[in-house]
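Me: I'd like to learn how to read a protein model, one feature at a time. Could you walk me through this one?

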Amino acid sequence: MTRNVPLLALALLAAGCGGGSPSGSLTVQPAQTYRLVMHAAGHPKAGVPATLAFSIEQPDGSDLTAFRRGPGPHTGVHVIFVRRDLAVPVHHHPPIAPDGSFGDKVTFPEPGPYRIVVDVYPRTSGPQTNFQLFSKLTVAGPYEPEPLPRPRTAETVDGYRFTLHGRPRLRAIRPAFLHFTVKGPDGRPASFTPWYGALAHAIFFRSGSLDYFHTHVCAPGASGCTSVLGATKVTGTSAKPGTLNVGVLVPVPGTWRLFLQCRVNGRVLTAPFTLQVR
């Protein structure tokens, strides 16, 4: 199963504008594409580990083997699975083999149709730091879509209470921040430990279209934590235990589902919030 992303589109996003021919018309060259190649061993079933294998084919037909390394979360590949109704997310950063392939063993908690997002951070010298490739699969079993919950200001996950403070006024393509506190079952502020290069991950999906964006929360002064959309940037921070200042930067208006993830006491917690973006 494959999905392509046009190289020309990446170039236009990076450049911000196009050039014209002497006649004043725009000359557009045939688009080249990156291609996501996915292999699944059998048909995934809910609650049963499934083995998936991926590779990324470059426009010249060779496999992409050079990925960004180093500190911070913006390295390698992020593989995210989300069910169509936004009820179930799975988020992994699988290791990459020298030949550019990467495998993932995934246990899908519920059956149904899933979108796959592979957020790719290639080692390049150009302004385009990353791009996304998409695919889909269906996990066997009866699927009953769940309605998207209305916006709430608090969620409790495994005894930890995530509270969103203030009244968010979010707009597309404008950076903003959501201010959260996280307290444990004993009422004390949670102590976050780094997970996949960040103290917290904020994964955004738009209801219906499943548009995607991803930001991170890091300690003050940490490198490689800034998320970029065109010429706009945002960086989430956490200056003390139990606080998360989550950067928001989404491309279009609509109803979005935020999956806020952090690791506390060796457990990864995922707190979902519904957001309205104008």
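Me: What does the chain average in pLDDT?

Reply: pLDDT is the predictor's confidence in each residue, from 0 to 100. Here the chain averages 87, and 87% of the residues score at least 70. Over residues 1-31, though, pLDDT stays under 50. Where pLDDT is low, the predicted coordinates should not be read in detail.

Me: How many aromatic pairs does the structure hold?

Reply: You describe a pair of aromatic rings by the distance of the centres and the angle of the planes. Rings of Phe, Tyr and Trp (its six-membered ring) pair if their centres lie within 6.5 Å; planes under 30 degrees apart count as stacked, over 60 as edge-to-face and the rest as tilted. The structure holds 7 such pairs. One of them is Tyr34 with Phe131, tilted, at 4.7 Å centre to centre and 40 degrees between the planes. Tyr34 lies in strand β2 (residues 33-40) and Phe131 in strand β8 (residues 131-139), so the pair ties together parts that are 97 residues apart in sequence. Strands (E, at least two residues) are DSSP runs, numbered from the N terminus.

Me: Are Tyr34 and Phe131 buried or exposed?

Reply: Buried means under 20% relative accessible area, exposed over 50%, and partly exposed in between (1.4 Å probe, protein chains only). Both Tyr34 and Phe131 are buried. Phe205 and Tyr212 are buried too. Phe81, Phe108 and Tyr114, meanwhile, form one aromatic cluster.

Me: Which ring does the charged end of Arg115 sit over?

Reply: A charge sits over a ring if NZ of Lys or CZ of Arg is within 6 Å of the ring centre and within 35 degrees of the ring normal. For Arg115 the ring is that of Phe134, with the charged end 4.0 Å from its centre.

Me: Which strand does β11 join, and by how many bridges?

Reply: Two strands pair if DSSP finds at least two bridges between them. Strand β11 (residues 176-183) is joined to β18 by 6 bridges, and the two run antiparallel. Take Phe180: its bridge partner in β18 is Leu244. As for β18 (residues 243-248), 5 of its 6 residues are buried, so it is largely enclosed by the rest of the structure.

Me: Which cysteines does a disulfide join?

Reply: A disulfide is a pair of cysteine sulfur atoms within 2.5 Å. By that rule the count comes to 1, and it joins Cys218 to Cys225, S to S 2.2 Å. The torsion about their S-S bond is about 90 degrees, so the disulfide is right-handed. Cys218 and Cys225 are both buried.

Me: Which residues is Thr232 in contact with?

Reply: Contact means heavy atoms within 4.5 Å. Leaving aside neighbours within four places in sequence, Thr232 touches Ile173, Pro175, Ser227 and Leu249. Thr232 is found in strand β16 (residues 232-234) and counts as buried at 19% relative accessibility. Ile173 sits in the loop between β10 (160-165) and β11. Although Ile173 is not a glycine, it has a positive phi of about 65 degrees.

How values were computed:
Residues numbered from 1 in each chain as written. Predicted model: local features only at pLDDT ≥ 70, side-chain atom pairs only at ≥ 80, totals over all residues. Heavy atoms only, no water. Helix = DSSP H or I, 4+ residues; strand = E, 2+ residues; numbered from the N terminus.
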